[in-house]
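The notes after it go through a few places one by one.

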Amino acid sequence: MNEDLRIAHSVDLEPITEIAAKVGISEDTIESYGRYKAKLPLSLIDENKINKSNLILVSAISPTPAGEGKTTVSIGLTQALNRLGYDSVVALREPSLGPVFGIKGGAAGGGWSQVLPMEDINLNFTGDFDAISKAHNLLAAMIDNNIQNKKNSLGIDPRTVVWKRVVDMNDRALRNIIVGLGGATCGRPRETGFDITAASEVMAILCMSENIKELKERLGNIFVGYTFDRKPVYARDLKAEGAMAVILKEALKPNLVQTIEHTPAIIHGGPFANIAQGTNTIIATKMAMSLSKYAVTEAGFGFDLGGEKFIDIKCRRMGIFPKAVVLVATIKALKYHGGKPLDELGNPDVEALRRGLVNLEKHIENVRLFDITPIVAINRYSADTEEEIAAITEFCESRNVAISLCEVWAKGGEGGLDLAQKVVDVVSGESATGVKLYACNRPVEEKIETIACKVYGASAVEYSGKAVADIKRIYSLGHDKLPICIAKTQKSLSDDPKQLGRPEGFIMKVREVELASGAGFIIPIAGDMMRMPGLPEYPAAESIDIDENGEIIGLS
C-alpha cells in the first residue's frame, strides 16, 4: 500500500461535528456530507473577524519532477500553529481527477500532514467539480441550440464561438473535435474541443465570486463569440446565467474536513495556476480567516505563477493581502535546477545545489516586489546532507531571509514548529500594505510586459499576429482594464520549460490572448500551453483499485 494511504488509514477520524465545534460552529449550522465532510453556509463569513486574522501564503520555487510539497507544508504549518496555541485553519484547492489518475497524483498532502478523508477528497468529494462541469456544458449546449434554432436565434457565427466543453479527466483525444455531425437535426457542424474542468472559466468564476448575486453576474459576463454582424455575444444574451447559477448553488459553499491531527481544513475550488489564478475560492479564504487567527493557504506551482496571480488577481479583488509568504523548496529540486540529472538527485552534490539556488533567489526577490517578507521552508528528505543544508542556510542568512528545516511529512505538526514560530515572528511585525505589481488601468501590453520583465526576468515581450489581433479585440470590447493572468509553463521562470535555474534576458513570446470577462481577467498564452492534458504512458489509474471490502488501494 502507498505510504500516504497507509498513514491515512491508521488515523481514527473525528466526526465532522466535532471538527466544526473546534471553531465555534454548531452542529445544526453545518450541512453534513456523511460523517466526515460538510458544507459551510456563507453566513459564517465575518468581516470583523477577518480584519483581526492573519493570512499566510504558501508558495514555492519553480516546480521540478522531484516535487516540492506545498500542500504538505501548508497542512503541516497549520498543525504546528495549532500546537503552539495559535488557532489556525488551512484553506486548500480541491484535487482534479485528471492528475489523480494521470501522473501528478492527488493533492491532499502527504505523510503525517494530510487532509482527510484522503480518498474522498481526491475523488468525487462533495460533487463541486461535477457541478462546475455541468454548468459549463449547459452553456455550451445552449450556444449550439441557439445556432440551430431559427425562431430564437441571436445570429451567432459558429466560426467565432470560443466556448468549448469540459470534462474532469485527462483525455488528449478530446482536445480538438467536430460537433453537429449526423444531419440537420443534430446541430450545425463546427470545430470545437474539450478542456479539463479545472481550466474552465466557470471554475475561475466560482473562485472569484463571494455570493450568488456576484456569481450570476460573472456567469452572465462570459464572452461566447460574435454574431454574423460582429456584435459580441455573452452568456447573459442566451439567458444562461440563472440556470448555471442554480447548478452551482451548493458548489458555492466551501467544504469542511480535517487534517490528520484533527485541525479544521477548508477545501474549495481548484483552478490550475499555469492557465488560471491557481488558488482556492475567495469564499474559502475569507471563511478560514473568519474562523481562525492564522489562515494558511497556498497558490499553485511557483511564486512566479501562483503567487503573482494570488496577489494581483485574488488579493486585489478581495482587498486582503498575505502578511508572510512561505517559499517551499527541496534540496533535490534545487540540485535539479543546478543541472543535476533527475536519477542522481539523491546523491550529495553541494555544487549543483549552489548553482540551483539562483532559482530560489529569484523567487525571494519576487516576493519582495510585493513588499512581503519571505520565509524559506526546506521540505527535508532523509538523503539531504548536513553540508547541503549548511549551504542553503548560509545562502538565505546572507540575504536576510528566515529559513526553516521542515519535517512535517515525517512528524506532522511537530516537524513544523520552528517554521510556525518564524511565521508568527514575521506576522507580528507586518501590516500587509497591499502592494500590487501594476495598475489595472494601464494598457494591456504594459501590464503583460511588467509581469514578464519584473517577475519572470524577460527583457521584452514578442506578440504573434494573432496575439496582436486578440488584444485589439479586447480593447474594442472594453475589457482592457482587467488584470492579467499569464498562461505559461510552470517548469521554468521563462516560457521555455527547458530553461531551468534563473533564465535572464530572454524574449517571452505571446502566441494568443484570451478573454475571461466573467472571471475578470485577460489571459496571454505564452508557449505551447494546453487546457486538456493527456495521460502518461503508464497512468496512475493502472495502479488504483478497490478490493471486495470496498477499500481503495494505489491512490496517492
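Helix packing and local contacts

Val-350, Leu-353, Arg-354, Leu-357, Leu-360, Glu-361 and Ile-364 of α14 are in contact with Glu-387, Glu-388, Ala-391, Ile-392, Phe-395 and Cys-396 of α15. This is a predicted model. Helix α14 spans residues 350–369 and helix α15 residues 386–398; their axes come within 10 Å and cross at roughly 35 degrees. The crossing of α14 and α15 is right-handed.

Two packed helices are described by the angle between their axes and the distance between the axes. A second pair can be treated in this way. Helix α7 (residues 128–148) packs on helix α8 (residues 201–208) at an angle of about 120 degrees, and the axes are 9 Å apart. Angles from 65 to 115 degrees would count as roughly perpendicular and those over 145 as roughly antiparallel, so α7 and α8 are oblique to each other. Their crossing is right-handed. On the α7 side the contact is made by Phe-129, Ile-132, Ala-135 and His-136, and on the α8 side by Val-202, Met-203 and Leu-206.

Leu-206 also gives a reference point for Arg-93: the two are 113 residues apart along the chain, and their C-alpha atoms are separated by 12 Å. Arg-93 lies in the loop between β4 (88–92) and α5 (97–101). Setting aside neighbours within four places in sequence, Arg-93 has contacts that include Ile-267, His-268, Gly-269, Gly-270, Pro-271, Phe-272 and Ala-273. Gly-278, Thr-279, Asn-280 and Gly-300 are also in contact with Arg-93.

Next comes Ile-282, a residue of helix α11 (residues 282–291). Is Ile-282 buried or exposed? Its relative accessibility is 0%, and because buried means under 20%, Ile-282 counts as buried. Glu-210 is 72 residues from Ile-282 in sequence, but the C-alpha to C-alpha distance is 6.6 Å. Apart from neighbours within four places in sequence, Ile-282 is in contact with Cys-207, Met-208, Glu-210, Lys-314, Arg-317 and Met-318.

The last element is helix α12, which covers residues 303–318. Gly-319 follows α12 and has a positive phi, near 75 degrees.

Terms used. Residues numbered from 1 in each chain as written. Predicted model: local features only at pLDDT ≥ 70, side-chain atom pairs only at ≥ 80, totals over all residues. Heavy atoms only, no water. Helix = DSSP H or I, 4+ residues; strand = E, 2+ residues; numbered from the N terminus. Expected span 1.5 Å × (residues − 1). Axes fitted to C-alpha atoms, helices over the stretch in contact; angles between N-to-C directions. Parallel < 35°, antiparallel > 145°, perpendicular 65-115°, else oblique. Left-handed = near helix turned anticlockwise from the far one by under 90°. Contact = heavy atoms within 4.5 Å. Buried < 20%, exposed > 50% of the residue type's maximum accessible area, 1.4 Å probe, protein only.
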